[in-house]
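Reader: I have a model open on my screen and would like to learn how to read it. Could you take me through it step by step?

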Amino acid sequence: MEKFDLLVVGAGSAGCLAASKAAEAGLNVCLIDLKSTSEVGKKICGDAIGKHHFENLGLEEPRKGEFEGKVLGIKIFSPDTRTVFNVMGEGLHGYLLNRHVFGQKLLRLAIQKGAVFLERTLALEPIIEKGFVSGVLAKNLEKNEKMKLYAKVTVDASGYTAVLRKKLPLEIGISPHTDKEEYEACYREIRELKEEVEDERFCEIYLNQNVAPGGYYWIFPKNKMKVNVGIGVAMKHKFPNPKEQLYKHVLTRELFRGSKVLDGGSWCVPTRRPLDSMVGNGIIVAGDAACQVNPIHGGGIGPSMAAGVLAAQTVVEALEGGDWSRDGLWRYNVLFMSSYGAKQAALDIFRIFLQACSDEEINYGMRYRLITERDVLKASQMGDIRLNLTEKTLRIFRGLRRLGFLKKLKEAADLMKKAKNHYLNYPEKPEEFENWKITTQSIIEEAKVKFGSV
Ligand SMILES: Cc1cc2nc3c(=O)[nH]c(=O)nc-3n(C[C@H](O)[C@H](O)[C@H](O)COP(=O)(O)OP(=O)(O)OC[C@H]3O[C@@H](n4cnc5c(N)ncnc54)[C@H](O)[C@@H]3O)c2cc1C
């Protein structure tokens, strides 16, 4: 039985990048997906990605056909739509991808670099031997036959389903469970319009706790006559059906009169900090399976590609050093937390704060610019919130009898800093991990208690 150096489960953005970078470095790589080759890349998504992700990773920017529109910025609408933040700047230049064509390109790249791709191959569970993940029990969906695939290291890049992570024994050291409340249920459609959009260079995000509790709805233009429109709602309490919400509150807008649905579908996205540890003996978790998505805007294509690259680098080094145990793979945790995880953790605190705010509070906060447009951009890039608390805003909020809201916002900003610093000091060695985890839990608990979303 052939034993691969690396087995990657899931040919999404995380998995394809892990497979292509590892194969490029000379490893013997197998990539599997339950989808057929031609279906890879078909993903329910908002399709937006910042240009900086390609620059940071040294990847070629999407070519014509792989993207359908270019973006200059985002307009964020307050719940009463009276205030609009025009958030622009280099950090927000980006693309509206053709997700399928882009996904096909990533797969092609992995195969060209030498990865073996097994289509229609469903991973069922990890194979555990002597405390190590040594491969995967899978099923060939064409032949309806089970098979075992062995590798020194396996990457779970199976997205939201996290098929391997959820079945790992606790001794592996990766938390198999996450809280459903830290995910959003989404529904999105691609629509061809009869009317032109107002400005196809801007993505539109609408905050409204009635329509999209704990999330938002969006209209992302692909061109003047075609949009990606969708909604995400936090999976808390008795959350509403996102498709019903979209049809009831968003598609009734004038813009959609006579429009045609080109594609529609539902999926879920994690909106929390990354898993505390994403490695164990012989296994790395990457992308949505490891909860590596921006907790505020739900962008996960960029970080999942970054995680794929990091996973490949880590495995190459681990195999060179002859140690692919949890210790040998630990560097992946350290590098991800310092490059992206720290910002994600800070934004997770802000997500907890925002989800507990009323529409009225968000209206006031935006109207009186408690955070300026420029600082919204900085927050999304760095995870730092700078508050714009002047004498004038203090007077206004005193008059509105909402000083309590300002106090909470200030506490949230402070806790975000604390969380970011804590993640920047992620333990270099697994031995210090348990203590780090205890502090993490206490920071998150503090946020939940203070901001009322327990
Ligand atoms: C509605 C919605 C809108 C979004 N909008 C944006 C956006 O505008 N911008 C952005 O950056 N991010 C967005 N995201 C998030 C983004 O899509 C994800 O973060 C990103 O695609 C994660 O990539 P991944 O490789 O981890 O997982 P995925 O892309 O989900 O890939 C996982 C792969 O694993 C395969 N797989 C799953 N289970 C198995 C199994 N058992 N065996 C074999 N294969 C399996 C799947 O078929 C799939 O190909 C959105 C998400 C949603 C749901």
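This is a predicted model: local features need pLDDT of at least 70, side-chain atom pairs count only at pLDDT 80 or more; totals for chains, interfaces and linings use all residues.

Reader: How many bridges join β13 to β14?

Author: Three bridges link β13 (residues 202-206) with β14 (residues 216-223), and the two strands run antiparallel. To find one on your screen, go to Ile-205, whose bridge partner in β14 is Trp-218.

Reader: What is the order of strands in the open sheet of three?

Author: That order is β3-β7-β4, with antiparallel pairing. β3 (48-50) and β4 (67-71) are the edge strands, each pairing on one side only. From one strand to the next, the twist averages 30°. β3 is joined to β7 (residues 94-97) by three bridges, and Ala-48 stands opposite Leu-96 in β7.

Reader: Now the helices, please. How are two packed helices described?

Author: By two quantities: the angle between their axes and the distance between the axes. The crossing of α7 past α12 is right-handed.

Reader: And at what angle do the axes of α7 and α11 cross?

Author: At roughly 155°, with the axes of α7 and α11 (residues 403-424) coming within 8 Å. That makes α7 roughly antiparallel to α11. Here too, α7 passes α11 in a right-handed crossing.

Reader: Let's finish with the ligand. Which residues come nearest to the ligand?

Author: Of the 40 residues around the ligand, the nearest are Gly-12, Gly-46, Gly-159, Gly-287 and Gly-300. Elements giving two or more residues to this shell include α1 (13-24), β9 (121-129) and α5 (301-320). Sorted by class, the shell has 19 nonpolar, 15 polar and six charged residues.

Reader: Where does the ligand lie relative to domain 1 and domain 2?

Author: Check which domains supply the shell. Domain 1 (3-47 + 99-178 + 275-329) and domain 2 (67-97 + 181-270) both give residues to it, so the ligand lies between them.

Terms used:
Residues are numbered from 1 along each chain as its sequence is written. Two strands pair if DSSP finds at least two bridges between them. Helices (H or I, at least four residues) and strands (E, at least two) are DSSP runs, numbered from the N terminus. Axes are lines fitted to C-alpha atoms, for helices over the stretch in contact, and angles run from 0 to 180 degrees between N-to-C directions. A residue is near a molecule or strand if its C-beta atom, placed from the backbone, lies within 6 Å of it. Ala, Val, Leu, Ile, Met, Phe, Trp, Tyr, Cys and Pro count as nonpolar, Asp, Glu, Lys and Arg as charged, and the others, Gly among them, as polar. Domain bounds come from an automatic or database domain assignment. A crossing is left-handed if the near helix is turned anticlockwise from the far one by less than a right angle, and right-handed if clockwise. Angles under 35 degrees count as roughly parallel, over 145 as roughly antiparallel, 65 to 115 as roughly perpendicular and the rest as oblique.
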